[in-house]
Structures are given as C-alpha cells and as structure tokens.
Amino acid sequence: MALDIGTKRVGIALSDYLKMLANGHSYINRQPEKIAVEQIKKIAKENNVKKIVIGIPYNMDGTQGSQADDCILFSKNFSEYEIIQEDERLTSDTAEENLKSKKIDFRKDKGLVDIESACIILEQYLSRIN
C-alpha cells in the first residue's frame, strides 16, 4: 500500500499480489484525522497489507521541510506495519500530466490527483525492489 499524504486528503494505491503493479484505490479526507487513520487501517486489513509506502515530499534541495515532517508524523499512526519512506518530489505534477494524457478532468475532483500520486509513489518503490 502507498499513501500520498496531503493536508486535505490521502491518496491510496495498492499493489497486485505479485508486487509488480500499482493500482489506484481511493482517497479519503484527512480530517478528522482519527477517522482517516481508521479508514486506512481498514483498507490495509481488507487487503492483507504488510508494508505501507509513505510519500515524503522533500524539498527540491533534498532537505526535509514541514510537509515532510507532517507526513512522517502521520505515518506514526501505522506502527503495526512496516513503513517505507519514498521520495515523492514532483509526483503531483506527474500525476496531473498522466491524468491529462488519459483525458481525465481532475479539476473538479483533486482526489484523483492524490490517487494517481499514490500510484506513482508505489510504482517507484516497486521498481526499486524488483
């Protein structure tokens, strides 16, 4: 499972059972945070998740800023899973380009960008381990 953690929403992607492909699952509103965490844990349990890949939005110079700190703090809610941090710089831009190329209008539903971003984060991780 991969999470694209934003201030408003969390995009979720899941891999296939062979750990080769990333598939967009859904997005959830981050607030209230307790409910968001419960929903993510429910999805993880239903899909036999063992690892959660967290997208970390490092600054362009590679340093860790406040958004990265927020993602790391949020990931602490999932201590029962192995947490993998994945650099997610520019994934939102790439996600928007991917959706445009598929002729998907995401302007009215920004959650689609979050789902696509989670897929990119998971694809990066899967490419690295395979």
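Which residues does methionine 1 touch, not counting residues up to four places away in sequence? I put this to the structure, which is a predicted model. I found that Met1 touches Ile12, Ala13, Leu14, Ile40, Ile43, Ala44, Val49, Lys51, Ile52, Val53 and Leu122.

**Entry on the cores.** I next looked up the largest nonpolar core and noted that it has 22 residues. Met1, Leu3, Val10, Ile12, Ile40, Ile52 and Phe78 have the most contacts inside this core. I then listed the elements that each supply at least two of its residues: β1 (2-5), β2 (9-15), α1 (33-46), β4 (51-56) and α2 (66-75). With five residues, α1 gives the most. I also recorded another core of 11 residues, lying apart from the largest one. Among its members are Ala2, Ala13, Ile121 and Leu122.

**Entry on isoleucine 28.** I located Ile28 in strand β3, residues 22-29. Is Ile28 buried or exposed? I record Ile28 as buried because its relative accessible area is 9%, and buried means under 20%. Not counting residues up to four places away in sequence, Ile28 touches Lys8, Arg9, Val10, Ile12, Ala36, Gln39 and Ile40. I checked Arg9 in particular: Ile28 and Arg9 are 19 residues apart in sequence, yet their C-alpha atoms are 5.6 Å apart in space.

**Entry on the strand pair.** How many bridges join β2 to β3? I noted seven, and the two strands run antiparallel. Ser15 stands opposite Ala22, a residue of β3. β2 and β3 form a hairpin with six residues between them. In the turn I noted Lys19, which has a positive phi of about 60°.

Key. Residues are numbered from 1 along each chain as its sequence is written. This is a predicted model: local features need pLDDT of at least 70, side-chain atom pairs count only at pLDDT 80 or more; totals for chains, interfaces and linings use all residues. Side-chain values use heavy atoms; hydrogens and water are left out. A nonpolar core is a set of buried Ala, Val, Leu, Ile, Met, Phe, Trp, Tyr and Cys residues joined through side-chain atoms within 4.5 Å. Buried means under 20% relative accessible area, exposed over 50%, partly exposed in between (1.4 Å probe, protein chains only). Helices (H or I, at least four residues) and strands (E, at least two) are DSSP runs, numbered from the N terminus. Contact means heavy atoms within 4.5 Å. Two strands pair if DSSP finds at least two bridges between them.
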